[in-house]
Amino acid sequence: MHSTGGAVRIRKGNRLAYVPQQAWIQNSTVRQNILFVRQMEKKRYNDALDRCCLRPDLKDLPGGDLTEIGEKGVNLSGGQKQRVSLARAIYQDADIYLLDDPLSAVDANVGTKIFRNVLGPQGILKNKTRILATHDLSILHEADAIIFMSDGKVVESGTYKDLLEQKGEFARLIEEHCREQMDSDSDNDKDCKSSPCDVFKAESPDPTKLTAEELKKQMKKAGRRLSRTLSRSLSVEERKPKQVRFIEREKIEVGRVKAGVFWSYFSKATLPLIFLVLFSFSLFQGFEIGSNVWLSFWSNDQLLANGSQDTKLRNLRIGVYGALGLSGGLCILLATFVLATAATKASIRLHQDMLWSIMRSPMSFFDATPLGRILNRFGKDINTVDTSIPAKFNSSITVILAIIGSLVVISANFPLFLLIMVPLTIVYIFIQFFYMATSRQLRRLQSTTLSPVLSCFSETAQGTSTIKAFGAQFHFIDKQERLIDDNCRVFINYTFVNRWLAIRLQFLGAAIVFTVALLSVLERSVFTAAVIGLMLSYALNVTDNLTQMVRILTQLENCMVSVERINEYSELPPEASWKTDSCFLSLNEWPRYGAVSFREYKMRYRSGMDLVLKGVTAEIAAGEKVGVVGRTGAGKSSLALALLRIVEADSGRILIDGIDIGMLGLHDLRSKITVIPQEPVVFSGSLRMNLDPLQQHTDKDLWTALEHAHLKNFVKALHNGLEYQVSERGQNLSVGQRQQICLARALLKKTKILVLDEATASVDLETDKLIQATIRKEFRNSTVITIAHRLHTVLDYDRILVMDDGRIVEDGDPDTLLQKHDSLFYELGKAAGLL
């Protein structure tokens, strides 16, 4: 953000701590994420763990607090990541704490404990300045001061008591919310305990008629109900902590680059083009040798008796020499053009194969692979294929043909030279193999040590706001420099090895020149000066060419390491087929109703792991609104992942309108289901592209969707409207606005099945209410499956599925389940403060 006016002043020497709404997690251990840039202080560290309720989670992790979290905290739930982020802030012992809705991703019970132990009047931060941005009205009575904002402006400010007595926008918001609570409680008065807003029912429907202390008391009771119990996103499933998935070490090949790697490159470049390149270069070398030999003959021509040249012979010499030069030029032009075409084909095909393979890979691949490794292959390795390999291949062919030509010319005149070349060739080959083995592994290490540099840079860029808030820029600069140093050490050793090679090859080259010169002196009576000059020039050339051959062939093999690495990612285990093979199903009309049936469905994340869904059986009628609830780790999100076939079944089936989804192509299946995840996904580009990436809708449809998502006024106020450019990861939008964009996108798609994973978690209560109403209206004819972490969002649904330990343990309408005091749903409602 850029300031356009005003100023923010912080007392010099005060240290800041920042807890963002979406937790930033490093690819490191739990302990290192909490310590951040400080040294271990056992007492403070243990206190931070206890205050953030992390002890039970650490017991479930295989390595405790030394367990690797994985990139972006892939092995932790949303709530666990948020608590690690909060523990990091506590451990830094700052003076000012900036907290952006830090309790949004934890359940009601944990949220209450954390507020009491950390943020509240008796918490560990009680003597610190705490600035808390929140939608949760239940904790406001604990605040020393409240600033109420609307449209980027401060509307009201003061103490909780003062704002209630002013009877302004703040008081109206509380009144409206309490009335909603009383309406929702009216159906359960007989069986439930008194509602948090009973005072408003009993004494007065207008809270402004109550005293401030009475309102404060009632809102404190209502607080438990308002607590947000958000989940992790749909893409990061509720894995059991004891089954942590670690980042795998990057694979490094050992030994020579296999012949199959060369064959794969040449086959993608198309073999006829490669043969044409070799043929053209061979012709060029032949014409070049011919022109040199012709020139030597020309130099031996005798003058006429009168001292003049034979004009006819001279013209013949010039014509032939020109023809040989022109033919050689045309051959090299053809070879260069064909090589460029072949190299471009190979590069495009290698890139496409790797991109397709990665896009088709299952989620488990991305969980175990840091982004830097993928970027390294699409960046440095593809660049090597684009530029280095064609140049090295060109040089290799040229040098090898030049050496062959030189040896032919010298051997034709000095056959004895072949005997001398035998031991020299053996020495050359020995040096080449010795150098190549070392150089090849250094090249692989260079590529491997570059991946952490890219991963660190990507991770640092994502956490820039947190790093700057903690003043930890120099720590991460030092970390990045250390990784760069590791990469540079390999590069320096690679340079040293090249110098080692150069000294030895130059010595051998000098030996070859000496041998040819010695033979020329011994045979001076046999050959003319022109022939000896020709052989000496070729001897000098063969020296340089042999040196270049060893180096270039080694560099070519080193460059082929990039093809080897690209091939590795081009042969990843794929997901199932994208397209449906069956010809008996018309996908244009499917699903017509949206009925979903689970039949003894079992699922595990990876072979050898425990089942996360253990024989789930459920029938969801077309158009039914179903809420899926349960404790953390019960398998709620696993059910949604199963429906999308993000993870394949271990056994059992899922039917949609009577069709087994296991028979369908993944693209055909997923395109028929709309998903709104908790963590919104937006892309760099225009707002129009984010709403309608396939350009299937008119502007009128887009504006209608924005209106239903309650984002129309915001977009209209933007200078570019629908062409407004969304930055990377939507950083120029609030989390709530990103969530509304995802909702608008879903409204445009409007399929028969809608899956919601707490889609309104990041918006304020008023917008939440409007969006819930929109979903009920616009998807009234669709089957809606909501993974509910805030129970009040599904109390008006047709059915509730209560899950526990991977099984559906309760099934029924909300009212019936709430009347059963021994039901798990009743316990969840009680824990959330609904009863």
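**View 1. The helical stretch at residues 501-519.** Over residues 501-519 the chain is 100% helix and 0% strand, with the end C-alpha atoms 28 Å apart; helices here are DSSP runs of H or I of at least four residues, strands are runs of E of at least two, and both are numbered from the N terminus. Residues 393-410 are likewise 100% helix and 0% strand, and their end C-alpha atoms lie 26 Å apart. UniProt, in an unreviewed entry, lists both stretches under "transmembrane region", along with 318-340 and 416-437; such annotations may be inferred rather than shown by experiment.

A quick word on the model: it is predicted, with local features needing pLDDT of at least 70 and side-chain atom pairs counting only at pLDDT 80 or more, while totals for chains, interfaces and linings use all residues. Residues are numbered from 1 along each chain as its sequence is written, and side-chain values use heavy atoms, leaving out hydrogens and water.

**View 2. Where α11 meets α14.** The axes of α11 (residues 271-299) and α14 (residues 371-413), lines fitted to C-alpha atoms over the stretch in contact, come within 10 Å and cross at roughly 40 degrees. The contact (heavy atoms within 4.5 Å) includes F281 and Q285 of α11 and F393, N394 and G405 of α14.

View 3. T270 has a positive phi of about 75 degrees although it is not a glycine. Its place is in the loop between α10 (259-268) and α11.

**View 4. R645 in its loop.** R645, also not a glycine, has a positive phi of about 55 degrees. This residue sits in the loop between α19 (636-644) and β9 (649-656). At 6% relative accessibility, R645 counts as buried (under 20% relative accessible area, with a 1.4 Å probe and protein chains only).

Definitions and conventions: Axes are lines fitted to C-alpha atoms, for helices over the stretch in contact, and angles run from 0 to 180 degrees between N-to-C directions. Buried means under 20% relative accessible area, exposed over 50%, partly exposed in between (1.4 Å probe, protein chains only).
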